[in-house]
Amino acid sequence: MLSEAMAAALNKQVQLEAASSQAYLAMASWADIQPGLQGVTDFFYQQSDEERIHMLKLLKYVNERGGFGVVPPLEQPILTFLSLKRAFEEFLKHELIVTASINDLVHLALAEKDYATHNFLQWYVTEQMEEERLARTLNEKLELIGEDKSGLYLFDRDIMAYRGTGKG
Ligand code: FEO
């Protein structure tokens, strides 16, 4: 059985994962109307779907452990970006917030000696390492590319390969 504090903290994470899904959906929609960014568009649509899966896993876990998984309200995310670079900077910024939040949850689980939740959270710890690495890699590539159009063409063409297996 989850403590009230743990259930509340996990529900906060549900909200953050839902916000991530919304944020990346907005990035996908923005990329979709830019010329020549089909790869980036697909990337963010898929990223948004993954975040929804992260949210669902948490919601179901809270219910399984005697809490109540709360479906959060939707907030409108940032809709437009000055450049592709700016969108990917936002992506990294967002992932760093999620990592910090997962770390806080792990800390709480240990403080409460809630080893089941600690074990459950290890999947998120690994996932965040991968997502952060991916976000950093993509930002570094865009930094290198700058305004070079052929570089941007290749970035868009190859982005799904950087993502790896694309598992959720
Ligand atoms: Fe589920 Fe990318 O944080």
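This report walks through the helices, cores, single residues and pockets of one predicted model.

## Before we start

Residue numbers start from 1 along each chain, following the sequence as written, and side-chain values use heavy atoms, with hydrogens and water left out. Because the model is predicted, local features need pLDDT of at least 70 and side-chain atom pairs count only at pLDDT 80 or more, while totals for chains, interfaces and linings use all residues.

Helices here are DSSP runs (H or I, at least four residues; strands would be E, at least two), numbered from the N terminus. How far apart are the ends of helix H2? Helix H2 covers residues 38–64, and at 1.5 Å a residue its 27 residues should span 39 Å. The expected span is 1.5 Å times one less than the number of residues. The end C-alpha atoms of H2 are 39 Å apart, which agrees. For H3, 28 residues should span 40 Å, and its end C-alpha atoms sit 41 Å apart, which agrees too.

Just after H2, Gly-66 takes a positive phi of about 85°. H3 is followed by Lys-113, with a positive phi near 55°. Most residues other than glycine have a negative phi. Lys-113 is not a glycine, yet its phi is positive, about 55°. You'll find Lys-113 in the loop between H3 and H4, and at 60% relative accessibility it counts as exposed. The cut-offs, using a 1.4 Å probe and protein chains only, are under 20% relative accessible area for buried and over 50% for exposed, with partly exposed in between.

## The nonpolar cores

A nonpolar core is a set of buried Ala, Val, Leu, Ile, Met, Phe, Trp, Tyr and Cys residues joined through side-chain atoms within 4.5 Å. The largest one has 23 residues, and those with the most contacts inside it are Val-40, Phe-44, Phe-88, Phe-91 and Phe-155. H1, H2, H3, H4 and H5 each supply at least two residues of this core, and H1 gives the most, with 6 residues. There is also a second, separate core of 21 residues, which includes Met-6, Ala-7, Leu-10 and Tyr-61.

Which residues does Phe-44 touch? Leaving aside neighbours within four places in sequence, Phe-44 is in contact (heavy atoms within 4.5 Å) with Tyr-24, Met-27, Ala-28, Phe-88 and Phe-91.

Ala-28 belongs to helix H1 and counts as buried, at 0% relative accessibility. Setting aside neighbours within four places in sequence, Ala-28 is in contact with Thr-41, Phe-44 and Tyr-45. Ala-28 and Ala-5 are 23 residues apart in sequence and 35 Å apart in space, C-alpha to C-alpha.

Is Glu-51 buried or exposed? Glu-51, in helix H2, is buried, with a relative accessible area of 1%. Not counting residues up to four places away in sequence, Glu-51 touches Glu-17, Ser-20, Ser-21, Tyr-24, Glu-95 and Glu-131. Over in helix H3 is Thr-99, which counts as buried at 13% relative accessibility. With residues up to four places away in sequence left out, Thr-99 touches Gln-128 and Glu-132.

## The two pockets

On a 1 Å grid over the protein atoms alone, a pocket is an open set of points where a 1.4 Å probe fits, with protein on both sides within 12 Å along at least five of seven lines; lining residues have an atom within 4 Å of a point. Grid points are joined across faces, edges and corners, and a volume is the space filled by probe spheres set on the points. The largest pocket has a volume of about 450 Å³. Its lining has 16 residues, of which Ser-83, Leu-84, Gly-146, Glu-147 and Leu-152 lie nearest its centre. Helices H3 (84–111), H4 (115–145) and H5 (149–162) give two or more residues each to this lining, and the largest share, 4 residues, comes from H5.

The second largest pocket has a volume of about 380 Å³. It is lined by 18 residues, and Ala-19, Ala-23, Glu-75, Pro-77 and His-94 lie nearest its centre. H1 (4–32) and H3 each supply at least two residues of that lining, with H1 giving the most, 6 residues.
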